[in-house]
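Let's take a walk through this structure together. Please have the sequence and the 3D view open as you read.

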Amino acid sequence: MDKVVNPLQLIFEGTIECRVSHIYKGKPYIRKGTMEFLNTKGRKFWRLQQMDNGDCTDYVDIYM
């Protein structure tokens, strides 16, 4: 279930899969469960707050 808590906070429940050749040795990094995205500083996107993927800081954004 995805839920906009307020204009600055989005709760996402599901799966996010990221794959970048030079991050996590090019293997897919999969996040599952409930995740929080925040919109800060008046930006036009929400950013995933659980950024650590075990190998580096991983930015996942949802643009409005």
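Below we look at the strands, then the aromatic rings, and finally one asparagine in a loop.

This is a predicted model, in which local features need pLDDT of at least 70 and side-chain atom pairs count only at pLDDT 80 or more, while totals for chains, interfaces and linings use all residues. Residues are numbered from 1 along each chain as its sequence is written, and side-chain values use heavy atoms, with hydrogens and water left out.

**Strands**

Strands (E, at least two residues) are DSSP runs, numbered from the N terminus. Two of them pair if DSSP finds at least two bridges between them. Strand E1 covers residues 3-6 and strand E2 residues 9-18; they are antiparallel partners with three bridges. A hairpin of two residues leads from E1 to E2, and asparagine 6 has glutamine 9 of E2 as its bridge partner. E2 also runs antiparallel to E3, with 10 bridges joining them.

**Aromatic rings**

Rings of Phe, Tyr and Trp (its six-membered ring) pair if their centres lie within 6.5 Å; planes under 30 degrees apart count as stacked, over 60 as edge-to-face and the rest as tilted. The whole structure holds three aromatic pairs, including the two in this table.

| Pair | Centre to centre | Angle between planes |
|---|---|---|
| Phenylalanine 12 and phenylalanine 37 | 6.4 Å | 90° |
| Tyrosine 24 and tyrosine 29 | 5.1 Å | 85° |

Because phenylalanine 12 is in strand E2 and phenylalanine 37 in strand E3, their pair ties together parts 25 residues apart in sequence. Phenylalanine 37 has a relative accessibility of 2%, so it counts as buried (under 20% relative accessible area; exposed is over 50% and partly exposed in between, with a 1.4 Å probe and protein chains only). Tyrosine 24, at 28%, is partly exposed. The charged end of lysine 27 sits over the ring of tyrosine 24, 5.0 Å from its centre; this term asks for NZ of Lys or CZ of Arg within 6 Å of the ring centre and within 35 degrees of the ring normal.

**A loop asparagine**

Where does asparagine 39 lie? Its place is the loop between strand E3 (29-38) and strand E4 (45-48). Is asparagine 39 buried or exposed? Asparagine 39 is buried, because its relative accessibility is 7%. A polar atom of the asparagine 39 side chain is 3.1 Å from the backbone oxygen of phenylalanine 45. Beyond neighbours within four places in sequence, asparagine 39 has contacts (heavy atoms within 4.5 Å) that include Pro7, Leu8, Trp46 and Met64.

Note on methods: Helix = DSSP H or I, 4+ residues; strand = E, 2+ residues; numbered from the N terminus. Polar contact = N/O pair within 3.5 Å; in protein donor to acceptor, adjacent residues only side chain to side chain.
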